[in-house]
Amino acid sequence: MDLPALPFYRKYSLIFKAVIAGGILGMLYSAIIDSGSDHVYFRLLLSTLIGISIGFIIIILEKSLAYLNRYSFRVSMVLKALIYSFSILIFLLFFVVIYTTTVMHISYQEAVQEYMANRLFNDFLFSFGASVFLILFLEISSLLSAGFFYNYFTGQYHKPIQEERIFMFVDVKSSTTLAEQLGDVLYSSLLQDLFNDFNNAILASRAEIYQYAGDEIILTWKSSKGLKENRCLYCFYLLKREIKNKEEYYQKTYHTVPKFKAGMHIGTAVTTWVGKVKKEIVYHGDVLNTTSRIQCKCNELNHDFVVSETMKNALIPNSSVKYTQQGEILLRGKAKPTQLFTVDFN
């Protein structure tokens, strides 16, 4: 079974973002230190390297200092920015000393003394501002979907557009029972871990996260992207595999391993931006209602993964996937019966 792999650029997307943002900050730094003087190209190169180094520092320390996230966002941001600033200053001092000793031909002792006397305070302010900017940039990036800025600035969906889309509704099984057993706070923590562990599978299958709705996550694909290599189909398999690999952690932390079910369907949806106070891309159409109803049939059919006949026919036939016909089922709210199939992976 050829499973979709996590793309290199998606796996290291945070590093790429930090490098790009850092490079921009480096060019700003070049302007601040008067890059209009002699050796402008060398200064520009040096400043770009400084900016890239800042980006790498932020990414490395962001993971190392994750425990600071237990504090409020303002407190953790200030603490991180201070730590990042002092780390960045070391790099700034290193690059500046290299520049002055190479170009101006003075000793490194004189270069350090001159830097401490003339530039240390201003560079600290710059480092602190750059750290705050990158922290906010990474936080905002994590809050928005991957294509948010592209779709918005290119004018995608500013007017309602009809397009063929695949939807998958993934829901935690026995959620009410789990919530009663664990309590609201611990159950919320379990959902947080579960959805975080879904991340690699979602990225590998090129799915877009449409919504988190309580203990349910709604995934979507443009049909061309989702049907390629059966990515949308294998997404469910990858989700199951990710959680299976973390069984020991869930047993140790929550004394249970969460199970989930999914329904998938393909159809025409209307895609558009809505809202002024909070902008968001939304999907309208019968395809969403049908997918939701299909997912609700999982318990009745005693199976974790159910798809519509339309969805099955759109997928590439594969001997490693077994479809079992469940007959025509009249879904709640639908006038015509829908043919459903359960899915098993060999």
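Which are the buried residues of helix 9? Counting as buried anything under 20% relative accessible area (exposed is over 50%, partly exposed in between, with a 1.4 Å probe and protein chains only), they are Tyr 187, Leu 190, Leu 191, Asp 193, Leu 194, Phe 195 and Asp 197.

Before I go on, please keep in mind that this is a predicted model, in which local features need pLDDT of at least 70 and side-chain atom pairs count only at pLDDT 80 or more, while totals for chains, interfaces and linings use all residues. Residues are numbered from 1 along each chain as its sequence is written, and side-chain values use heavy atoms, with hydrogens and water left out.

Now to the neighbours, where helices are DSSP runs of H or I with at least four residues, numbered from the N terminus. Helix 9, residues 184-197, packs against helix 13, residues 247-254, at an angle of about 170°, the axes being 12 Å apart, and the two are therefore roughly antiparallel, the term for angles over 145 degrees. Here, with contact taken as heavy atoms within 4.5 Å, Tyr 249, Tyr 250 and Tyr 254 of helix 13 meet Leu 186, Ser 189, Leu 190, Asp 193, Leu 194 and Asp 197 of helix 9.

On helix 8, residues 175-182, the axis comes within 6 Å of that of helix 9 and crosses it at roughly 125°.

Technical notes. Axes fitted to C-alpha atoms, helices over the stretch in contact; angles between N-to-C directions. Parallel < 35°, antiparallel > 145°, perpendicular 65-115°, else oblique.
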